[in-house]
Structure formats: structure tokens, C-alpha cells
Amino acid sequence: MFSKLSSKVNFIAVTLLFLILVVLRETGIFNNYVMGILMLACISIIMTASLNVATGYLGQLVIGHAGFMAIGAYTAALITKAFANADILNGSGIENFFRFIIAIIAGGILAAIFGVLVGAPTLRLKGDYLAIATLGFGEIIRVIIQNLKICGGKGLAQGSAGQALIGINRLADFYVVYWITVLSLAFLFCFARSRYGRVLKAIREDEIAATAVGIKTTRYKILAFSMSAFFAGLAGGIFAHYLGTLAPGTFDFNKSIEYVIMGVFGGMSSFSGSVIAGTVLTVLPEALRSFADYRMLAYSVALILVMIYRPQGLFGSYEFSLTEQLDKYFDFTNKVQARKEKKAAEKKAGKAAAGEGGEK
Amino acid sequence: MSLFVQQIFNGLKVGSVYALVALGYTMVYGIIRLINFAHGDFIMVGAYTLCYTIPLMVNAGMPAWMAVVLGIVVCVIVGVVVELLAYRPVRKKGTNMTALITAISMSLFLQNTAQSLFGSAPKPITTIFDLEPINIAGVSIAGETLVTILIGFAVMITLTVVVNKTKIGRSMRAVSQDRQAAILTGVNVNRTITLTFAIGAALAALAALMYCANYPAASPTMGGMLGLKAFVAAVLGGIGIIPGAMLGGILVGLVESLSKAYSAVLTGGIITSAFSDAVVFMILIFVLLIRPAGILGKNEREKV
Amino acid sequence: MSDVILRAEHLGISFGGLKAVNDFNLELREGELVGLIGPNGAGKTTVFNLLTGVYKPTEGDYYIGETKMNGKPAHAMVEAGVARTFQNIRLFSNMTVIENVLVARDRKFGYKLFSAFTHPKSFWKQEAQEKERAMELLKVVGLEDKADTVAANLPYGQQRKLEIARALATDMKVLMLDEPAAGMNPTETAELLEIINLIRDRFGISILLIEHDMSLVMKICERITVLDYGNIIASGSPEEIAHNKYVIEAYLGKDDEEE
């Protein structure tokens with residue numbers, strides 16, 4: 001259970017990790033190249049975790065997730081460009097920060113709107129058919145973006161279809177992106193551990209039984225789908241402002257598959273799995289650069305093996321809990337509880353003593 | 001007018017290739033409810049086999065198209081190995097979703113193997129049929145086009161007969177309707193499934209021949225879009241239904257070639273020919289929404 | 001006379017020209033327990049599917065209270081106060097027992113998306129409240145010590161009980177049980193009987209019961225409706241039904257089944 005104590009523990013842990021990364025970066029041990037890879041890892045984590053909601057919890061294989069990422073990426077990129085043109089929030093530091101945040105959230109919202117538009121008609125399809133429909137939508141979105149004038153060349157007024165969108169301000173700062181990732185994960189995790197996550201699992205298990213206990217399944221499916229799309233759009237916005245350039249073919253079928261692979265590896269309904277798979281599968285290919293040609297080959301073989309021997313993914317639905325680990329080795333929760341009680345008792349004693357003193 | 005007729009034949013030709021590929025998807029889906037994503041890549045395997053065996057055939061004094069025999073052999077081996085090594089073990093334990101993911105991984109595997117073996121640049125394939133163009137209604141139609149269309153229909157008819165009239169066809173239909181019941185009545189389910197994969201792979205080799213006769217090159221990713229569109233065709237017609245695959249294939253071919261030729265003219269340049277890929281998928285989604293089981297498919301209701 | 005809370009008038013449905021249920025009439029009053037019996041394939045489950053919104057009737061009218069419910073979706077039936085169990089158990093198999101019940105309580109949760117994302121105090125309070133309520137329901141069916149077991153791992157009889165608890169969790173007025181004793185041994189059936197009596201007393205609800213186990217039906221139902229080939233052939237008290245010649249002919253005579 002995601003209790004108060006464990007949320008404190010987790011907050012301290014991510015802050016510690018953040019401070020370590022800050023030190024490593026500021027001292028130059030991690031150069032820009034390494035930080036770039038970590039940025040991509042953050043993007044992968046958000047993408048994979050968002051996919052988890054639709055694929056792991058709702059149980060619908062989505063193979064067009066790159067389409068939502070594309071919507072977020074182009075929307076955010078064009079918004080920062082528009083801001084720059086209009087000279088709004090076009091300074092440095094804090095202004096850049098706000099411009100970035102506004103742009104990526106707008107990208108996420110547009111992606112979520114498209115999630116509703118795509119989901120409303122298609123979510124009554126079942127299994128394979130839904131997967132194919134999402135694939136179809138992913139392709140449609142890609143083809144349309146490729147052919148929009150504002151999505152090519154320098155964008156906006158000077159656009160021309162079919163070209164890469166260039167000159168996007170590289171506003172994605174690692175420190176900001178790190179916390180966006182942490183927040184996204186926390187939100188998604190809380191969502192999954194709420195009545196919404198529970199209902200989504202129920203729909204996955206048996207849709208007819210879910211309606212028979214009064215669940216409006218369509219509404220929940222669309223909600224899950226558009227939420228998944230929102231975070232994909234958010235990740236897309238970060239991606240655009242990290243790369244600075246968006247090539248028209250980037251968000252194709254293979255991109256969608258890449259995140260499905262990460263999701264499957266990590267375990268389809270485990271956010272811990274998303275974090276680990278997202279990080280490892282982003283960092284590993286970079287570390288093994290010389291084998292880059294064989295990356296997809298190795299992925300495909302590994303994936304088939306996972307499907308044969310561990311169909312639920314490496315983590316399945318297991319969630320790593322720092323508090324549980326601490327409990328295991330240090331009896332942490334009980335100790336904290338004991339200390340709290342002791343403090344309370346001391347306070348009480350103190351008060352009582354003071355009270356007595358007052359009386360006398 | 002002559003341009004229109006030309007486009008119709010063009011559509012029929014592309015459509016017949018899609019239909020041949022779609023037949024492969026439909027056979028496999030019909031029997032184990034699996035979208036065999038690797039099917040498009042079986043065609044790529046066939047195309048590379050043709051690429052290397054046609055010169056051998058020609059040197060031996062035989063007609064180039066005879067290379068398809070070797071193509072069929074190689075594709076069938078690949079198809080059966082894929083089924084035995086990957087699909088069957090997953091089918092035993094997994095769900096629909098794991099099976100689908102396996103199929104997608106298999107597709108990636110074949111594409112990337114081809115890329116490391118042959119490089120990513122397309123390899124040219126020598127002429128397969130050396131045919132004179134034929135004049136129909138004042139339009140000159142390439143011989144390859146007619147051969148492709150004829151072979152498409154011939155294969156569809158043969159398959160329909162095999163599935164409906166032969167013993168193995170009966171086993172296939174039994175497995176497809178109820179696998180447990182089929183086991184009880186003594187059908188060797190695993191062998192039937194393997195055989196279906198073999199037939200599907202053989203169809204892929206044939207599709208490779210027809211594809212390469214019209215577009216003479218082999219590349220690692222050639223099966224991707226081709227496979228997707230053929231799959232769309234199979235779904236359009238009603239997946240699992242043989243005439244449906246043919247109907248869907250022809251439809252997709254016609255829509256594609258006509259939308260390429262006329263969309264810009266009809267919409268005043270708003271929708272250009274570059275959108276033709278999207279048009280195919282839009283039609284897919286449209287059809288799925290109004291007839292989820294495809295044009296010839298029957299809607300099944302879940303029993304409560 | 002107590003109020004009619006569920007009323008079907010000339011309800012019928014055909015599948016592709018074949019009439020599965022025809023001219024079905026039923027009145028269910030508050031606190032009543034009515035049995036619906038008939039030989040296999042008589043259309044009993046189809047009636048359930050009509051009354052719970054899985055199928056839409058092609059003829060006739062259907063009221064819950066005073067509201068006309070023709071063609072309303074399944075979740076609307078639940079909101080109007082009708083819940084059901086299934087003949088072939090349909091649990092959320094990979095979820096825990098208590099989660100199964102909590103899903104059915106979903107409408108009772110007040111918190112919205114924002115709270116779901118941030119888990120404020122009110123979130124924990126409601127979750128705890130509903131869990132307590134769910135535990136009470138589990139106690140009713142005797143599953144309170146299985147709350148954290150995965151539903152699929154329960155023995156068959158307990159799965160049936162969980163389905164009842166889940167239906168109860170919707171706070172319904174009418175409970176429809178589709179062969180709740182199917183596959184149960186005599187001890188389990190006796191327990192089920194107790195549970196049914198308990199929930200009637202405690203929740204004051206009406207129950208519509210499909211059952212093959214005639215002894216069970218005869219023992220607890222106040223009225224019985226008999227279906228054959230989609231038509232009502234008899235309706236009355238257990239006594240009357242037991243001596244009705246059409247029923248004996250259709251139900252007992254032709255099938256050579258002794259009950």
C-alpha cells in the first residue's frame with residue numbers, strides 16, 4: 001500500500017538520486033552526452049508508464065502510441081516557436097522554464113483530446129481489432145503530420161510539407177525533466193492504486209461482469225486511453241525540446257513498438273518495471289554502441305524468449321517498494337512508529353509535568 | 001478515360017498482390033486467431049530467395065519464374081520453424097496479447113536478420129516474366145498485370161476448394177471452430193496448424209514472385225507496409241474468410257491506386273496523393289466501426 | 001400489499017427470427033423471493049439477460065419501480081437497483097476478493113480524478129470506509145478471512161459466494177441469482193440457503209432465482225414461474241406448481257428426470 005510513510009521514504013529517495021545526479025553533472029563526471037541519454041531514459045519511462053495504463057491495466061494492446069507522442073511533440077514545438085515569434089516568455093531561465101512547461105502540457109492536452117477522439121469510436125472493438133485500429137490511427141496521424149505545411153521546415157509561416165521541423169529551442173533541461181518524470185510516475189501510480197485503476201483491471205478481467213456491477217465501461221476506457229495519450233504527448237513535447245529537430249518519419253510504427261517492447265520487458269502492469277526497462281533499454285544500446293546494428297535483432301530474440309518463459313514480463317505486476325525493503329532489513333516502519341509514540345509520550349509527559357507545575 | 005482504365009488495372013494488379021498476401025493472413029488467423037505479423041516478412045524472405053535463385057535458373061536454361069519453387073521451399077521452412085520455435089510455445093501458456101507481441105517480435109527478427117545478412121539497400125531482381133503488353137479497350141496493359149490478376153483468382157479458387165472439399169480442409173475448419181472438440185474427434189491439431197502455416201508461407205512465396213514481377217527489388221523492410229496493407233485487406237473482407245481476403249485485397253488496391261491518381265484533383269489539392277497510405281487505414285477504421293467482423297464476416301456475440 | 005419494484009409486461013426477444021422468449025410477464029414485490037424454473041434451453045438465462053440489460057427486448061415493456069427500462073444498458077439497470085450473478089461464474093479472476101467487491105462499490109466512492117492522482121486525506125478516508133463496508137459484505141457470505149486471496153484461487157463454492165457479495169455491494173433492491181447452487185455439494189447448498197435467507201432478512205431485498213435444484217426452489221421460493229420453449233406455462237405457489245400438469249409434463253415427464 002502506498003501509505004504516508006512510504007511516500008515520504010520515496011520522496012527522500014528520489015531527492016537523493018537527484019542530488020547525486022546534480023553532483024555528477026556539475027563536477028563533469030557525467031558529460032552532456034551522458035545527460036542526454038538520461039534525458040532519453042526519462043522520456044522512455046514516461047512513455048512506457050503511460051502505456052502501462054492502457055496495456056497493463058486496461059488490457060488493450062496499443063500499437064500506435066507514437067502517434068500521440070507525435071501530436072505532443074509537434075504541438076509543443078510549434079507553441080514554443082509561436083511564443084518566440086511573438087516574443088512572449090522569450091527570455092532565459094525562469095521564462096524558458098514556463099514556456100517549456102506550458103508548451104509540453106498543451107501538447108499533452110491535445111494528445112489527450114485526440115485520445116478521446118480515437119478512443120470513443122474504437123474502444124468498443126475487442127483485442128486484436130483494437131490493436132490494429134490503434135496502429136491505423138498511429139499511421140494516419142503520422143501521414144497527416146508529414147503532410148502538414150506547418151509541421152515541416154521552420155514551421156508556422158515558413159513551413160513546407162514533408163521536411164523536418166527544425167530550429168526548436170532546446171528548452172528541455174535535465175533537472176526539470178527529472179522532476180516531471182517523477183511527478184508523472186507518482187500521478188500514474190496513484191491513479192493505478194485508486195478506484196480508477198481497480199475498475200480498469202476489472203474491465204480487463206471481465207467486461208461483461210464489470211457492466212453487471214454498474215460500471216460504465218466505455219467512459220472508463222476512454223478516460224484511461226486519453227490519460228495514456230496525455231502522458232505520451234507530454235513525453236513527446238520533452239522529446240522535441242531535447243532534440244531541437246523533428247524528422248517526419250520519427251514517430252512511425254517502429255517507434256510505437258519500441259515502447260511496447262519496454263512495457264512488456266518491464267511487466268505490463270508494473271511501474272517499477274517501466275522505470276527499469278525504460279532506463280536499461282535506453283542506456284544499454286548506447287553503451288553497446290558498436291553493436292547498435294544488432295540492437296533490434298537482440299531485442300526481438302529477447303522479447304520472444306520473455307513471451308515464452310515469462311509472458312507477464314520480467315516484473316509482472318510486482319511493484320518495488322523501498323519501505324518494504326527497509327522493513328525487511330531494518331524493521332523500519334515499526335521503528336518509526338515506536339519513535340513517534342515515544343515522542344508523543346514524551347510530549348504528553350512534558351505537558352503533564354507542565355500542567356502539574358502550573359497547578360502548583 | 002483511358003487513364004481511368006489504366007488506374008483500374010493498376011489497382012487490380014496491386015490488389016491481387018495484396019489479396020495473395022491477405023490470403024496468408026486469413027488462413028492463419030482463421031485457424032488460431034493470431035495476426036501473424038511476420039507474414040509480410042515471409043514475402044521478404046521469398047523475394048531474397050528469388051533474387052539469388054533466378055540467376056541460377058536462367059543459367060540452367062529454365063524459365064526465371066521456376067525459381068518460385070525454391071522460394072516456396074525456403075518460405076515454408078521459415079514459416080514452419082517460426083511456428084514451432086516461437087508461436088507454439090507461446091500459444092500454450094500465453095494470452096492473445098502475448099501471441100500478438102511474439103508475432104511482432106518475429107517480424108522484427110526477420111527484418112533485422114535480413115538487414116545484417118544483405119544490408120539495407122534494396123537488391124535488384126532480374127526480369128521474371130518477359131511478356132508483351134496487351135491492348136484492352138484502347139489501353140495497353142502490361143502482361144505482368146494480367147498474370148498477377150489471374151494467379152490471384154486461381155489461388156483463391158484452389159484454396160476455397162481445399163478448405164471446403166478435402167480432408168485436411170475439414171480438419172482446418174474443425175480446429176478453427178473449436179480446438180478442444182477437434183482434439184476429441186481425433187484431429188491432429190498441432191499438425192493441422194503447422195500445415196496451415198506451411199500453406200500461408202507458400203502463398204507468401206507466390207506473392208513474392210508476383211510482387212517482384214511488378215516491382216523488381218528486395219529489401220529488408222519491404223514486407224512491412226505491404227504486410228500491413230494486406231492485413232488491412234484481410235480485415236476489410238472479413239478475416240478468416242477466403243473470398244473476403246480476395247475482395248479486401250482488390251478493394252485496397254483499387255482505393256489506393258485511385259486515391260493516388262484522383263484525390264488531389266477531387267479535393268482541390270487539399271488531400272494529396274501522399275495521403276494514400278492514410279486513406280487505406282481510414283477505410284479500415286471506418287469498416288471496423290460499422291462492420292467489426294469485415295464486409296463478409298459474421299458478427300459473433302459473446303455468450304453470457 | 002407491498003410495492004411492485006420490478007414489472008415485465010409481454011416481454012419478448014427474437015434472435016434472427018427465432019423467438020427465444022415470448023410474452024414474459026412478471027411482477028416482483030418488495031421482499032419477495034420468486035423462482036424461475038424450466039427445462040434446459042427454456043430461456044431462463046435469456047430472461048435474466050433481458051432484465052439486466054445484456055439483451056434488449058424486441059417486444060413488451062419493462063419497469064423498475066415506475067421507470068421504463070426498455071433497452072437501457074446493463075449499468076443503468078444496476079443504478080436502478082437490479083444486480084445479478086452469472087450461471088458460469090464471472091469474477092475478476094486475477095484480482096483479490098476484496099477488490100472484486102470494491103469494484104462493485106465504485107459508484108459509492110465520492111472522490112474524483114484529482115484525488116485519485118494525489119491521494120489526499122479524504123481519499124484514504126473513503127477507501128477505508130468502503131473497505132470496511134466490503135468486509136461487512138464478505139462477512140455475510142463468510143469470506144471475511146479470504147479478503148486478500150486472489151479470486152481465481154478460491155474453491156468453486158466460495159467463488160459463487162463471492163459473486164453474491166459482489167452483487168450485494170451494488171446496494172441493489174432486486175438480486176437475480178442465476179443457478180447459484182450449480183456445482184455445489186449438499187453442505188455448500190445448505191450454506192447458500194442460509195446466506196439467501198440472511199440477506200433477505202438483513203437487506204430486505206427481493207430475489208429472483210433461477211435454479212435447477214428443485215428442492216431448493218420449493219423450499220425457499222414464495223412464488224414460482226415456469227418457462228418452457230420461451231413461454232410461461234405456469235405461475236403460482238410451490239404447491240400449485242408441484243401439482244400443475246403442464247409443468248409435470250414439460251419439466252418432469254418429457255425429460256424423464258426425477259426431482
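Predicted model: local features only at pLDDT ≥ 70, side-chain atom pairs only at ≥ 80, totals over all residues.
1. Two residues are in contact if their C-beta atoms, placed from the backbone, lie within 7 Å. Helices are DSSP runs of H or I with at least four residues, strands are runs of E with at least two, and both are numbered from the N terminus.

2. A word on conventions. Residues are numbered from 1 along each chain as its sequence is written, while chains are lettered from A and ligands numbered from 1 in the order in which they are written. Local features need pLDDT of at least 70, side-chain atom pairs count only at pLDDT 80 or more, and totals for chains, interfaces and linings use all residues.

3. Look next at α5(A) against α11 (residues 276-290) of chain B. They pack at about 145 degrees, with their axes 9 Å apart. Axes are lines fitted to C-alpha atoms, for helices over the stretch in contact, and angles run from 0 to 180 degrees between N-to-C directions. The crossing is left-handed: the near helix is turned anticlockwise from the far one by less than a right angle, whereas clockwise would be right-handed. Among the residues in this contact are A:Phe137 and A:Ile140 of α5(A), and B:Phe281 and B:Leu288 of α11(B). The classes are twelve nonpolar, one polar and two charged.

4. Within chain B, the axes of α2 (residues 39-59) and α3 (residues 67-93) come within 8 Å and cross at roughly 145 degrees. This crossing is right-handed. The α2(B) residues that meet α3(B) include B:Phe42, B:Gly46 and B:Leu50; those of α3(B) include B:Leu70, B:Gly71 and B:Val74. Ten residues of this contact are nonpolar, five are polar and no residue is charged.

5. Chain C has ten helices and ten strands. Its radius of gyration, taken over C-alpha atoms, is 19 Å, close to the 18 Å of the globule rule (2.2 Å times the number of residues to the power 0.38) for 259 residues, so chain C is as compact as a globular protein of that length.

6. Finally, follow β4 (residues 59-64) of chain C. β4(C) pairs with β1 (residues 4-15) of chain C in the antiparallel sense over five bridges; strands pair if DSSP finds at least two bridges between them. C:Arg7 stands opposite C:Tyr63. β4(C) also pairs with β5 (residues 67-68) of chain C, antiparallel, over two bridges. There the bridge partner of C:Tyr63 is C:Lys68. β4(C) and β5(C) form a hairpin with two residues between them, and C:Gly65 in the turn has a positive phi of about 65 degrees.

Definitions and conventions:
Nonpolar A, V, L, I, M, F, W, Y, C, P; charged D, E, K, R; others polar.
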